[in-house]
Amino acid sequence: MNEIDEIFAREPIPAHILERMEQCRKRRMIVPDERLIKRPSHIEGIRASSRINTGVLDEVAKHIKAGMTTQDIDDIVREYTNSHGAVCAPYHFEGYPKSVCTSINDEVCHGIPSRLRKLHDGDIVNVDVSTIYNGYYSDASRMFMIGEVSPQRKRLVEETKRCLEIGMEAAQPWNTVGDIGYAISKYARSRGYSVVRELGGHGVGLEFHEDPFVAHIGRKHTGMVLVPGMIITIEPMINAGRAGVVLDPYNDWTVSTADGSDSAQWEHSILITETGNEILTY
Ligand code: MF3
Ligand code: CO
């Protein structure tokens, strides 16, 4: 047995939580598999991974500026991560060629760093960092505004951050995944924005992408129930224009808005606790 499985065997889910899961099951709610409920030692490992992941983003924040290329960001991310004894999760993940995702302006996500792509004054760029440390995964992203950014872009970036915060407020124990998407989409639409539907958050920690899929649209009281010990990402992709997206046919990774409008994204990995939730990627 590996260490992760030993922890599952050694550290059981508390009886009162199992009882409450059983009640949910009887009410026909979707209840997570027990392997989606992290145990204290898993959580410590994911916490340590998340601390490095946050350090990477802080390091990017220190250096990012107009004139640098997205490959320069990739270099910063890889060097900081490796020098802290960790590995970049995106590298060679399902064939992904780089160590980080850098998505500029109308790019929604999975922008691939390149020596040919410079950051310009007025750009908004998402840097999406995912780390593996001692076998444990963490995942977070931030927006960076390069130089003097238009008020429209600034508002999109700030309101998208608010969407993440509103999603996290909805991610209370014994709520459902649908409550998160409902809250985010309601707010985003009230601000005149649209929500990307094709991609979403996910369970994270023991693997890069675990169940559940965390849509940023949804209906209240639907989808998987949020049980203390679950760790999920919330990572709304919010478009200034229409919700539709297109996949780059040349690299098969980069997602952009179909209408060419700007898009922003912020992401945290959060632990569902018995009293609320905790941001691991601060
Ligand atoms: N970090 C992204 C996420 O939030 C996943 C990127 S996968 C990659 O899930 F291979 F494109 F890096
Ligand atoms: Co993610």
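Modeller: Two strands count as paired when DSSP finds at least two bridges between them. The model here is predicted.

Biologist: How many bridges join strand 6 to strand 10?

Modeller: Strand 10 covers residues 237–239. Strand 6 and strand 10 run antiparallel. A pair needs at least two bridges, and the number joining these strands is two.

Biologist: Which residue is the bridge partner of S194 in strand 10?

Modeller: S194 belongs to strand 6, which spans 194–195. Across in strand 10, its bridge partner is N239.

Biologist: What is the order of the open sheet of three strands?

Modeller: The pairing in this open sheet is antiparallel. Strand 6 and strand 13 (263–265) are its edges, since each pairs on one side only.

Biologist: Where does I234 stand, opposite which residue in strand 14?

Modeller: Four bridges join strand 9 to strand 14, and the two run antiparallel. Both faces of strand 9 are covered. I231 and T233 are buried on one side, I232 and I234 on the other. In strand 14, I234 faces H268.

Biologist: What span does helix 3 reach from its first C-alpha to its last?

Modeller: Helix 3 runs over residues 40–63, which is 24 residues. At 1.5 Å a residue, 34 Å is expected. The model comes close to that, with 35 Å.

Biologist: Which helices and strands do the buried residues of helix 3 pack against?

Modeller: The buried residues of helix 3 include H42, I43, G45, I46 and S49. Further along, V56, L57 and V60 are among them too. Their packing partners are helix 1, helix 4, strand 4, strand 5, strand 9 and strand 14.

Biologist: How far apart are the C-alpha atoms of T69 and R117?

Modeller: T69 sits in the loop between helix 3 and helix 4. Leaving aside neighbours within four places in sequence, T69 contacts S114, R115, R117 and K118. T69 and R117 are 48 residues apart along the chain, yet their C-alpha atoms are separated by 5.3 Å.

Biologist: Is N105 buried or exposed?

Modeller: N105 is in the loop between strand 2 and strand 3. Its phi is near 55°, a positive value in a residue other than glycine. A residue with 20 or more other C-beta atoms within 10 Å is buried. N105 has 20, so it counts as buried.

Biologist: And D252, with its C-beta neighbours inside 10 Å: buried or exposed?

Modeller: D252 lies in the loop between strand 11 and strand 12. Its phi is near 65°, again positive in a residue other than glycine. D252 has 10, so it counts as exposed.

Biologist: What is the peptide bond from D211 to P212, cis or trans?

Modeller: P212 is placed in strand 8, residues 210–214. Most peptide bonds are trans. From D211 to P212, omega is near 0°, and the bond is cis.

Biologist: How many charged residues are in the shell around ligand 1?

Modeller: The residues around ligand 1 include P90, F93, H110, S130 and T233. Asp and Glu count as charged. By class, the shell has four nonpolar residues, three polar, and charged residues numbering four.

How values were computed. Residues numbered from 1 in each chain as written. Chains lettered and ligands numbered in written order. Predicted model: local features only at pLDDT ≥ 70, side-chain atom pairs only at ≥ 80, totals over all residues. Near = placed C-beta within 6 Å. Expected span 1.5 Å × (residues − 1). Buried ≥ 20, exposed ≤ 12 C-beta atoms within 10 Å, placed from the backbone. Contact = placed C-beta atoms within 7 Å.
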